[in-house]
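Keep the sequence and the 3D view side by side.

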Amino acid sequence: LIGPRSILTAAHCPIGSSSTLVIMGAHNRLIIEPEQARQTVPAANYRLHAGYSSATLANDIAILIAPTTWTLTANIARIALPGNIAEQFAGFRGTSTGWGRTTNGGTTSAVMRRAVNNIITNAVCAATYGTAVVNAAVICIETNVSNQGTCHGDSGGVLSVEFNSNLIQVGVTSFVASAGCVAGFPSGFERTTSHDAWINERINE
């Protein structure tokens with residue numbers, strides 16, 4: 001959640017669907033918890049990046065505009081964005097969260113999980129995926145040390161870091177290696193600093 005009604009996600013998540021159910025404040029997404037708030041966002045309220053490419057996953061970013069304003073609670077809060085800054089965050093510890101698979105070919109998780117990994121340089125990430133995929137608007141984490149990272153079903157989620165004593169979202173979960181989520185290859189995210197102007201044009205709709 002980045003604005004009164006705005007949810008930041010990956011473009012490949014809602015594309016082609018007629019609507020998206022958004023659940024805020026969830027731990028277990030399969031049950032209706034008292035802390036949760038739910039809204040269905042129609043396709044007319046999708047703001048997909050015009051430059052999104054399904055072939056290379058370039059500009060894999062979108063904003064969903066909920067029908068009504070979200071009520072902020074102890075379990076539902078907006079996450080800060082870094083803005084248009086030059087920091088690349090390589091060497092930072094990044095936290096990714098989601099309800100994706102916990103193993104290759106497995107089922108998605110009912111409860112939210114998280115992984116903490118080192119953010120790597122784009123040059124290191126491009127050694128695996130090439131520069132056609134790892135452009136300047138991509139940010140990656142290593143997974144070969146912890147054998148943990150993002151997987152199928154985590155897409156659109158948050159990569160966050162602590163920066164100047166604040167928790168900020170630096171990436172939107174985008175891709176993993178075709179070899180599998182536990183193969184030790186980097187996980188890729190869309191870099192929020194690269195889309196600061198695009199986000200700001202839509203954050204308060």
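C13 has 36% relative accessibility, so C13 counts as partly exposed. This is a predicted model. C13 takes part in no disulfide. The nearest cysteine sulfur belongs to C151, 14 Å away.

Now to the bonded cysteines. A disulfide is a covalent bond between the sulfur atoms of two cysteines. How many disulfides does a search of the whole structure find? It finds two. Counting bonded cysteines along the chain, the pattern is 1-2, 3-4.

Start with C125 and C140. Their sulfur atoms sit 2.1 Å apart. The pair links distant parts of the chain, 15 residues apart: C125 is in helix 1 (residues 122-129), and C140 is in strand 8. The link is left-handed, with -70° about the S-S bond. Is C125 buried or exposed? C125 counts as buried because its relative accessibility is 0%. C140 is also at 0%, so C140 counts as buried.

Next come C151 and C181, with sulfur atoms 2.0 Å apart. Here the torsion about the S-S bond is about 80°, so this disulfide is right-handed. C151 lies in the loop between strands 8 and 9, and C181 in the loop between strands 10 and 11, so the pair ties together parts 30 residues apart in sequence. Both C151 and C181 are buried.

Return to strand 8. C140 stands opposite I120. Strand 7 (residues 113-120) pairs with strand 8 (residues 138-141) in the antiparallel sense, over two bridges. Both strands belong to a closed barrel of six strands, in the order 6-7-8-11-10-9, with antiparallel pairing. From one strand to the next, the twist averages 45°.

Notes
Residues numbered from 1 in each chain as written. Predicted model: local features only at pLDDT ≥ 70, side-chain atom pairs only at ≥ 80, totals over all residues. Heavy atoms only, no water. Pairing = 2+ DSSP bridges. Helix = DSSP H or I, 4+ residues; strand = E, 2+ residues; numbered from the N terminus. Axes fitted to C-alpha atoms, helices over the stretch in contact; angles between N-to-C directions. Disulfide = S-S within 2.5 Å. Buried < 20%, exposed > 50% of the residue type's maximum accessible area, 1.4 Å probe, protein only.
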